[in-house]
Every structure is written in C-alpha cells, then in structure tokens.
Amino acid sequence: MRGKPINGKAIFVLCLASFLAGSLFTSRVSIYPPDNKDQPVPAIPNLAALKHDCDQKRKLVEGSSRDILDEVRETHEAVRSLDKTISTLEMELALARTTQNGGSLGRATNHSLQKAFVVIGINTAFSSKNRRDSVRQTWMPRGAKLKQLEKDKGVIIRFVIGHSATPGGVLDKAIDAEDAENNDFLRLKHVEGYHQLSTKTRLYFSTAISIWDADFYVKVDDDVHLNLGTLLSRLLQYRSRPRIYMGCMKSGPVLSQNRGVRYHEPEFWKFGEEGNKYFRHATGQLYAISKDLAAYISVNSPILHRYANEDVSIGAWFIGLEVEHVDDRSMCCGTPPDCEWKAQAGNMCVASFDWSCSGICKSVERMKEVHNTCGEGDGAVWNVPLP
C-alpha cells in the first residue's frame with residue numbers, strides 16, 4: 001500500500017531548516033578564535049610586493065615570447081638557407097650529369113673553381129674603348145686595386161666581349177692589346193653583333209660559372225654608372241635565398257609593327273593579341289641572378305629560346321621557374337638631378353642611366369660628372385662587411 005505523498009511545502013521547510021543548521025555550525029567554527037591567544041594573526045599581504053612579483057612574472061612571459069619569436073626567425077632562416085643549399089646541389093648534380101654525358105660546358109669541379117661573392121660582367125663592344133676607359137676612370141678599380149678587390153671582397157669585374165667575324169683580325173688584336181694593358185676582359189667564344197645579345201648573355205653566364213664559384217652573377221652595360229658598395233649591400237640581403245632574379249622589373253609593349261625600329265619583336269605573335277605587353281622582366285641595363293640560376297642557364301643553354309631582345313630572353317628563361325623576382329628601383333635611377341636628390345636623401349642608387357638613351361646619354365663625356373655627383377665614394381665598397 002502506498003504512503004501518503006509529502007506536501008511540497010513540507011519539503012521546502014525541511015530543506016530550509018537543514019541549510020540554516022549547516023550555516024550555524026560553520027559560522028561557529030569560523031567565528032570564534034582559537035584558544036591559543038599567542039598565535040600570531042596572519043598579516044595582510046604587502047601590495048607593493050605583490051605588484052613587484054606580478055611585474056617579474058610579466059617580464060618573464062614577455063621575455064619568453066621574444067625568445068620564441070627569435071627561435072621562429074632563426075628556424076625560418078635555417079629553412080631558407082637549406083632550400084638554397086638544396087637548389088645549388090641540384091644544379092651541381094645537373095652540371096655533373098651533363099658533363100658526364102659528353103656535354104661541353106667546360107665546368108671544373110666546385111673545389112677547383114675560384115671562390116667569389118659576385119661576378120660583374122660589363123657588356124661591351126669593339127667600338128666602345130672610350131666607354132671602357134670612362135668606366136675605368138670612375139667606378140671600376142684598376143690594376144692592383146682590381147686584384148685586391150677580388151682577393152679581399154670576392155668581387156670579380158670584367159668587360160665581356162666575343163671575337164670578330166674574322167678571328168685574329170684588327171679588331172681582335174686591339175682587344176688583345178687592351179687586355180694586356182688592363183687585364184680586365186672576359187673573352188667569349190662568340191661572334192659580336194647587336195642582334196646576338198641574347199646569345200652573348202647566355203654564353204656569358206655559362207662561361208662565368210665555369211670559372212668562378214660565386215653567389216651572384218651580374219650583367220651591366222658599359223654606359224651605366226654603378227655604385228659597387230651599394231650593389232654589394234643589396235645582394236647581401238638575398239645571399240641566403242635560392243633562385244634570385246634582381247633588377248628593375250618592367251613590362252613594356254611588344255612592338256609588332258615597323259620591322260626597322262629598335263626593339264622590334266619578330267615573334268610578336270607568341271605574346272597574344274596586338275597591343276599586348278611582355279611578362280615582367282628586369283631591364284637589360286643591369287640585373288643580377290644567383291648561382292643556381294646561372295647554373296640553370298649553363299645546363300639548359302642549348303634549349304633556351306632567344307628572343308630578339310636580351311632582357312626579354314632572360315625573363316622568358318625564368319618565367320616558368322620557382323624564381324624570386326626582386327624589383328629593386330635603386331638599380332635604375334636617372335642621372336642628375338634624380339640620383340643626386342636620392343643620394344642627398346640617404347637613398348644611394350645602385351645604378352644610374354638615362355631611359356631615353358638606354359644608358360647614360362653621351363656616357364663618355366658625362367660618366368665622370370655622374371660619378372662625382374651620384375657616386376658613393378671610392379672607399380664605400382671596402383667598408384661593406386662580407387662574411
């Protein structure tokens with residue numbers, strides 16, 4: 001037989017009574033002090049001490065955060081350096097395979113090559129002796145200083161030239177005599193000609209990497225003013241990165257009409273509809289590539305397509321690769337007053353020339369003026385710390 005259900009109010013009264021009884025018991029235990037009156041009452045904590053302790057803990061946490069960020073940066077640099085090492089090894093392996101299979105690269109092993117930081121090839125022609133002299137008298141060291149620059153800084157500078165259509169003729173003998181006096185030429189197995197610049201450039205990189213084991217290879221025209229120290233500082237920023245292509249990136253129009261004009265593109269149809277522009281590429285007056293890209297050119301030289309314009313050819317060779325395009329506007333400053341104003345503002349230019357002339361207009365007469373106005377000073381290159 002079921003019992004009579006308890007009223008809800010009764011349940012509430014019982015719960016309330018239990019709660020009050022418990023509270024009374026707890027209060028008695030906590031309210032009355034212990035019998036031992038001599039026992040000291042705990043002191044209230046010192047607020048200043050607590051604040052100091054909190055500050056110390058906060059500093060420890062902030063310091064730990066900075067340490068973590070430093071470790072992340074170091075890890076990132078290590079990964080990037082490893083990526084460059086792998087890229088270089090891949091190119092070296094490809095070079096070795098090409099040589100083993102009967103290739104004619106003529107590249108010695110890495111251990112027998114002269115180590116360098118950068119090789120700077122100055123593109124020149126038979127008719128440009130006065131231009132070469134203007135360069136030697138301004139930004140390019142000569143004689144013993146040129147050798148010292150190679151030894152102390154790993155900076156190789158050479159005028160790059162091929163041979164005439166009649167090897168051993170008057171033109172070639174004039175270069176032989178000039179080279180005997182200055183010892184600053186890199187001679188290529190190439191027939192000189194303006195419309196062969198793509199071939200000459202391709203051969204320059206292939207030849208340079210077979211002689212010098214450098215971090216970077218630079219091409220510059222003989223009517224451009226160069227600040228060597230500023231160039232080295234720029235290149236140092238990318239030394240640990242793989243596949244670097246550095247210069248003033250541009251995208252000019254594809255000239256499909258008027259076959260007789262300069263920069264006409266005979267293969268204009270490959271670039272789409274009329275009025276299209278080229279892909280981004282470095283302007284031809286000055287650009288730099290890292291060792292792995294120079295090796296890539298050397299290995300694949302026979303199958304690299306050459307367009308009419310040398311700078312377009314270089315850009316085409318890299319457009320489909322995992323290459324870092326570095327757009328450095330200091331590599332294409334104008335002549336005074338442009339480079340002068342930038343120097344006064346603390347933004348020293350790597351290179352200066354006139355866009356209207358694709359170099360310094362009347363460079364033989366004006367190179368010294370540009371050097372005196374926009375030059376970094378003869379001692380700048382020696383002060384760049386190269387590890």
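**Labels and their cut-offs**

Mentor: Helices α3 and α5 are roughly parallel to each other. Bear in mind that this is a predicted model, where local features need pLDDT of at least 70, side-chain atom pairs count only at pLDDT 80 or more, and totals for chains, interfaces and linings use all residues. Residues are numbered from 1 along each chain as its sequence is written, and side-chain values use heavy atoms, with hydrogens and water left out.

Trainee: Why are α3 and α5 called roughly parallel?
Mentor: Their axes cross at roughly 10° and come within 13 Å. Angles under 35 degrees count as roughly parallel, so α3 and α5 get that label.

Trainee: Which residues of α3 meet which in α5?
Mentor: Lys129, Arg132 and Arg136 in α3 meet Ile175, Glu178 and Asn182 in α5; contact means heavy atoms within 4.5 Å. That set divides into 1 nonpolar, 1 polar and 4 charged.

Trainee: What makes cysteine 248 and cysteine 332 a disulfide?
Mentor: Their sulfur atoms are 2.0 Å apart, and a disulfide is a pair of cysteine sulfur atoms within 2.5 Å. The count by this rule is 4 disulfides.

Trainee: Why is the disulfide of cysteine 248 and cysteine 332 called left-handed?
Mentor: The torsion about its S-S bond is about -90°, so the disulfide is left-handed.

Trainee: What does the pair tie together?
Mentor: Cysteine 248 lies in strand β6 (residues 244–250) and cysteine 332 in the loop between β8 (324–327) and α10 (338–344), so the pair ties together parts 84 residues apart in sequence.

Conventions. Axes are lines fitted to C-alpha atoms, for helices over the stretch in contact, and angles run from 0 to 180 degrees between N-to-C directions. Helices (H or I, at least four residues) and strands (E, at least two) are DSSP runs, numbered from the N terminus. Angles under 35 degrees count as roughly parallel, over 145 as roughly antiparallel, 65 to 115 as roughly perpendicular and the rest as oblique. Ala, Val, Leu, Ile, Met, Phe, Trp, Tyr, Cys and Pro count as nonpolar, Asp, Glu, Lys and Arg as charged, and the others, Gly among them, as polar.
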